[in-house]
Amino acid sequence: MRTGLLLVVLWAGAASAQVDPDPWLAPDKALHFSFSAGLAGLGYGGAALMTDDRGVRLAVGAGVALTAGIAKELADLTGLGHPSWKDLAWDFAGTGVGLLVSWLLDRFVFTPLLGERQPLHAP
């Protein structure tokens, strides 16, 4: 009985000592998060030059950031890198934070400073 218990303890210790080749917290995850946040903000800001509709701005920002993140992982699948669902999860998190920061700046900083723009044509 003691031998069996000792083997289970040793096996569990050896299994937990293995290093995860793709940890959730790693330098590349920070890059995925920050690039996605930046791209989402750039997409939102670029759309702000063309439309006053915040929904469209959010959609463009999300589209830009997520397209880049998904394209990167698809390229990794072809052998150009190491595909990772964790990388994609950080891309989504960064996109969400980038959009939130962009919307908050738009709503509470730029709109009060610049005021709402008037439509180009009157009905």
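1. **Ground rules.** This is a predicted model, in which local features need pLDDT of at least 70 and side-chain atom pairs count only at pLDDT 80 or more, while totals for chains, interfaces and linings use all residues. Residues are numbered from 1 along each chain as its sequence is written, and side-chain values use heavy atoms, with hydrogens and water left out.

2. **Overall make-up.** The protein has four helices and zero strands, and its pattern along the sequence reads α-α-α-α. Helices here are DSSP runs of H or I with at least four residues, strands are E runs of at least two, and both are numbered from the N terminus. Of the 123 residues, 24% count as buried (buried is under 20% relative accessible area, exposed is over 50%, and partly exposed lies in between, with a 1.4 Å probe and protein chains only). Take the contacts between residues at least 6 apart in sequence: 69% of them join residues at least 24 apart (contact means heavy atoms within 4.5 Å).

3. **Helix 2 against helix 3.** Two packed helices are described by the angle between their axes and the distance between the axes. For helix 2 (residues 27-48) and helix 3 (residues 54-80), the axes come within 7 Å and cross at roughly 145°. Axes are lines fitted to C-alpha atoms, for helices over the stretch in contact, and the angles run from 0 to 180 degrees between N-to-C directions. Helix 2 passes helix 3 in a right-handed crossing (right-handed if the near helix is turned clockwise from the far one by less than a right angle, left-handed if anticlockwise). On the helix 2 side, the residues in contact include Ser36, Leu39, Gly43 and Ala47, and on the helix 3 side they include Leu58, Gly61, Val64 and Ala68. This contact divides into 10 nonpolar, four polar and four charged residues. Ala, Val, Leu, Ile, Met, Phe, Trp, Tyr, Cys and Pro count as nonpolar, Asp, Glu, Lys and Arg as charged, and the others, Gly among them, as polar.

4. **Val60, on that contact.** Val60 sits in helix 3 and touches Gly43 and Ala47, not counting residues up to four places away in sequence. Val60 is partly exposed, with a relative accessible area of 33%. Its C-alpha atom is separated by 9.9 Å from that of Leu99, 39 residues apart along the chain.

5. **Helix 3 against helix 4.** The axes of helix 3 and helix 4 (residues 85-114) come within 10 Å and cross at roughly 155°. That makes the two helices roughly antiparallel (over 145 degrees; under 35 counts as roughly parallel, 65 to 115 as roughly perpendicular and the rest as oblique). Their crossing is right-handed. Among the residues that meet are Leu58, Ala62, Leu66 and Ile70 in helix 3, and Leu88, Phe92, Leu99 and Trp103 in helix 4. By class, this contact has nine nonpolar, four polar and seven charged residues.

6. **A charged pair to look at.** Which side chain does Arg57 reach with a polar contact? The partner is the side chain of Asp106, at 2.5 Å (a polar contact is a pair of N or O atoms within 3.5 Å; within protein, one must be able to donate a hydrogen and the other to accept it, and residues adjacent in sequence count only if both atoms are side-chain atoms). Arg57 lies in helix 3 and is buried, with a relative accessible area of 7%.

7. **Helix 2 against helix 4.** The axes of this pair come within 7 Å and cross at roughly 40°, and the crossing is right-handed. The contact divides into nine nonpolar, seven polar and six charged residues.

8. **Gly98 and Ser102.** Both Gly98 and Ser102 are in helix 4. Gly98 is buried at 6% relative accessible area, and Ser102 is buried at 12%. Leaving aside neighbours within four places in sequence, Gly98 touches Ala37, Ala40 and Gly41, while Ser102 is in contact with Gly41 and Tyr44. C-alpha to C-alpha, Gly98 and Gly38 are 6.2 Å apart, and Ser102 and Gly41 are 5.6 Å apart.

9. **Asp87.** Asp87 is found in helix 4 and is buried, with a relative accessible area of 3%. Beyond its neighbours within four places in sequence, Asp87 is in contact with Asp22, Asp28, Lys29, His32, Glu73 and His82.
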